[in-house]
Amino acid sequence: MRGAKALAIALALLLLSPALALAGAAKTITLWYPAGDITAGAAHFADKTLFADFEAKNNVKVEAVALDYDTMQQKIFAAAAGKNIADILFIDTSWLPGFLKEEMLEPVADAKAKAWLAAVSPEIKELSDYGKGRMWGYPQYGIDVYGLTWNKEQFKEAGLDPEKPPKTWAEFREYAKKLTKRDAQGNITRVGYAIRHVGHPHGVVHKHFWAIYGAGAALIDNPNTLRGGKAMINTPGGKAALQLVLDMLDVDKSTSLNFPDPRAAFLKGIASMQISETVSIRGRQPKEAPELKWGMALPPVPKAGDKPVTLLGAWLYSVPKQAKNKALAWKAIDWINSQEKDFDLCKKYGASPRYAANWDKEPFKSDPYDQGLKQLYPSGKKLPINLGLNGIMDAMGGAIQKVWHHEASIDAALAEADRLANKAIADAAK
Amino acid sequence: MASHRNRSVRQILARLHARRVLHAYLFIAPVIVLFGIFRVAPAIQTLLYSFYKVELLRGRFTFIGLENFTALLTDEIFRKATVNTLTFVVTIVPISAFLGLILAVLFNAKFHLKEFFKAVYFAPMVTSTVAAAVVWWWMYNPQFGIFNVLLKLVGLPEQPWLMSSRMALPSIIIFSIWKTLGYNMIIYLAGLQAIPQQFYEAATIDGAGAVKRFWRISVPLLAPTTTFLLIYNGILAFQVFDQVFVLTGGGPANSTNVVVLDLYRQAFERYNFGYASAEAMVLFVFILGVTVVQYVYSKRFEVTY
């Protein structure tokens, strides 16, 4: 009888042991981020020590999972529909309107949003605030600001001052002509300026945003409205922006359709100037072109005295409504976006900080790249938050491609883009 | 009443058993069930969704009748995608069938290393479309790609290939022909080898040359094979997606956008599942229509030998 009792207790303990073991084990929360060098900051998630302190203090494991960038947006949506999604999403701000349309994200608590907006620098505030202090996530350090980058050696070789980038469109065209190189048959072997004209239409618009907005055009009349509005693509400014590159292609022959990846072309030395995310050049140059000496400035403006405009973008830490561990997810996000971690991680990875107070500390205070960014930030503008943004970007990207590929006149392409963009705005507002 | 029903069921089962039908049904049941779950049910769901505004995340389904279909009529991008898809179909299907036939005729003769070359031509068929498309993307690269290197070697101007709105679709068609050619060749080869030799012998005795034998004997007697290839390749061509997604993503400026890519975008980038379902139904009707027409028309070319 006693033997039977002991056996029963032993069996019960055996059955309970997995549950007991699980009770003591760390809880796991998941974070999805884009694989590859899509954004400089995404690579940091591969660092196993990134959340180490947080994990130790909270008995939790943060599992970072890399997803393919091209299909990441679709995977997130499918996972949300299937209610099997990560607890933390690291997302591109240009996806945000689509996710908001589906009411997929948790807002940042009002008190936390207020404290964040009061503590960060103006450009981070611009990127974080989605109207009346409402936030849908925290932008990561090392935000994307688009800037003109140029090859100083090639400037010297072409007889240009390597410390003076072109300021106006006229100068820009002149410089690009001087920098272009050809072989004996007349084929272009190096472009003065490399343009992005293929791939996802959003990418095409991102890299021509500076000219569109610089010339006074816009994607939509009110960029801070979620629903409704009117496309502002088919305007004199929009036409001038397309004409600028068309002239460089056809008249000056200082750019070419055969150099489709501006950043790669710049790093390979076959493009002397390009306009894209400076953080990307900063991250890739030491590995891909260690000898390259480059400069960074605001994109040129139509004429002297005009106000330069450039694109400001970021990747956000956000929490989906369908997350299973929301409280822990917010805790992890709050931790990594604290002022202290902002300083530590930016110092560790050579990124630019977000808190205004951190900008006054070393090494950021005397880092020429970080200080250079401070010159670009005030001209930064984020993408509109309209729910029809996907359609607007597709329409504008299509128009740019049609004009530069000589498929349509500027007037026809912009008229079509305007029609498609307005339809997308109206559809999204339904 | 219940016992009467049980008796009837038992009688039906006994009859089926006697005819050995029950066993057959049991054997195919797993396939039928899986086919029902993974093919028929989603197809019916797609049909239903096409009449609704579907908001998956909110679990909201609003019946809107034919609104998705009427919107398709005025959708310029869908129209462009449809034209591109039809261009793709009417180009790739006959060209790859014709080239497959030519290759099959060549491989029907005896020559050195025949099996090796046959394997070389068939290899693209067994290669992953995505992997092959990535390789071709580099081959089409205007700066570093092999095609422009070859053009330069023979003194021809370099081409922008996938970078140009005009050349992107033809570039995808060239890739797709390369991909399907081997399969067509093998099917035609099987068809050619099934034609009795006495027809050729009789024609040769009557003085028919090689070209005449090809047109008067091979081509007509291969009609069932041709019909099969046209229907099979036609269905696949209407569903083209992988190579477009990898090579161009539908661009530049929608010049290579096709119906399946467009419905994928509507569903997973714009979250318009109802609209995407309507596009899928239109594609289904297209495929069904073309298949029925081809099948009915091909009856006129049926041969027995």
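Analyst: Happy to. In this predicted model, Trp32(A) has Leu89(A) as its bridge partner in β3(A). That pair belongs to the contact between strand β1 (residues 27-34) of chain A and strand β3 (residues 88-92) of chain A, which run parallel and are joined by two bridges. As a reminder, strands of a sheet pair through backbone hydrogen bonds, either parallel or antiparallel.

Stepping back to the whole sheet, it is an open one of five strands in chain A, ordered β2-β1-β3-β11-β4, with mixed pairing. The edges are taken by β2 (60-67) and β4 (138-139) of chain A; each has a single partner strand, so one side of each is left without a neighbour in the sheet.

Now for what lies over these strands. Helix α14 (residues 326-336) of chain A lies across β1, β2, β3, β4 and β11 (315-318) of chain A. Relative to β1(A), α14(A) runs at about 60 degrees.

Moving on to the partner chain, 28 residues of chain A are in contact with 20 residues of chain B. On the chain A side, α3 (69-81), α4 (96-101) and α18 (389-404) each supply at least two residues. Of the elements on that side, α3(A) gives the most, with six residues. Sorted by class, the side of chain A that touches chain B has eleven nonpolar, twelve polar and five charged residues.

Methods: Residues numbered from 1 in each chain as written. Chains lettered and ligands numbered in written order. Predicted model: local features only at pLDDT ≥ 70, side-chain atom pairs only at ≥ 80, totals over all residues. Pairing = 2+ DSSP bridges. Helix = DSSP H or I, 4+ residues; strand = E, 2+ residues; numbered from the N terminus. Contact = placed C-beta atoms within 7 Å. Axes fitted to C-alpha atoms, helices over the stretch in contact; angles between N-to-C directions. Nonpolar A, V, L, I, M, F, W, Y, C, P; charged D, E, K, R; others polar.
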